[in-house]
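User: Could you take me on a close look at one part of this structure, the packing of a helix pair and the core around it? I would enjoy one connected walk through it.

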Amino acid sequence: MAQLPSEYRPITTAKIVARLFHGVLAQRMEREVPLSPQKKVFRRGDGLVDNVWLPRSVVRDRMKAMKTVFVTFVDVAKAFDSVSHYTMILAARRVGIPDRLLAYIKSLYSGTETRQGRGQLRSPIRVARGVRQGDPLSPLLFNYVMDWILTELDPDLGIKLEDSDTKLNHLAFADNVSLITSSCMAANMSLLNLKLG
């Protein structure tokens, strides 16, 4: 049995406690904050099946009705690493995250620095983009940004689902988006809207 301080093994409780705390926060935020139903990644349910079944169903229905459909697959390159911290906070505010929680999230990302070099470290580099790897809050913060971008897409550029008033203009996976339109021009306009978002 250890008796002296030098006999105790060090453990990193702060990271473990923070991850547990962020896991609880993430569960509550997911439950309380609504997102676009087309944004399926990092959420409960079988979103992948929905996002595979829906485009196949749309294409099959459009072919039966002899109507055109354009499905444009967009890979949002380095999306997790490129989203700005400022935009994450704005997106979280937009969906209704309370101010006290926003202040906490902002404190997690403020003053983040890194260094690079071999042998001798260079000057600190301020990090203003990217979500924290392994943090349970990161997928939600990323989803809030993607939800903001995707809700800005023009719904009139999408297609109307058969026997429904629903218009479908996109489906989203983690860092991939499928734009669904009825013409090549609408597909180009949707791509432009996605880039401007």
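Analyst: A polar contact here is a pair of N or O atoms within 3.5 Å, where one must be able to donate a hydrogen and the other to accept it. With that in hand, please keep in mind that this is a predicted model.

Let us start at a polar spot. Aspartate 135 sits in the loop that runs between β3 (125–126) and α6. Its relative accessible area is 9%, and because buried means under 20%, aspartate 135 counts as buried. The side chain of aspartate 135 makes a polar contact with the side chain of histidine 22, at 3.0 Å. A polar contact also links the side chain of aspartate 135 to that of arginine 132, at 3.4 Å.

Now to the helix pair. Two packed helices are described by the angle between their axes and the distance between the axes. For α4 and α5, the axes come within 10 Å and cross at roughly 165°. That makes α4 roughly antiparallel to α5, since angles over 145 degrees fall in that class. The crossing of α4 past α5 is right-handed. On the α4 side, the residues that meet α5 are His85, Met88, Ile89, Ala92 and Arg93. Their counterparts in α5 are Asp99, Leu102, Ile105, Lys106 and Tyr109.

Setting aside neighbours within four places in sequence, leucine 102 is in contact with Ile89, Ala92, Arg93 and Ile97.

Another partner, isoleucine 97, leads us onward. Not counting residues up to four places away in sequence, isoleucine 97 touches Met29, Val33, Ala92, Leu102 and Tyr144. Widening the view, the largest nonpolar core has 34 residues, and Met29, Ile97, Leu141 and Tyr144 are those with the most contacts inside it. Two or more residues each come from α1 (13–32), α4 (85–94), α5 (99–109), α6 (138–151) and β7 (176–181). The largest share, 8 residues, is given by α6. There is also a second, separate core of 5 residues, including Val58, Leu168, Leu171 and Ile180.

Terms used
Residues are numbered from 1 along each chain as its sequence is written. This is a predicted model: local features need pLDDT of at least 70, side-chain atom pairs count only at pLDDT 80 or more; totals for chains, interfaces and linings use all residues. Side-chain values use heavy atoms; hydrogens and water are left out. A nonpolar core is a set of buried Ala, Val, Leu, Ile, Met, Phe, Trp, Tyr and Cys residues joined through side-chain atoms within 4.5 Å. Buried means under 20% relative accessible area, exposed over 50%, partly exposed in between (1.4 Å probe, protein chains only). Helices (H or I, at least four residues) and strands (E, at least two) are DSSP runs, numbered from the N terminus. Contact means heavy atoms within 4.5 Å. Axes are lines fitted to C-alpha atoms, for helices over the stretch in contact, and angles run from 0 to 180 degrees between N-to-C directions. Angles under 35 degrees count as roughly parallel, over 145 as roughly antiparallel, 65 to 115 as roughly perpendicular and the rest as oblique. A crossing is left-handed if the near helix is turned anticlockwise from the far one by less than a right angle, and right-handed if clockwise.
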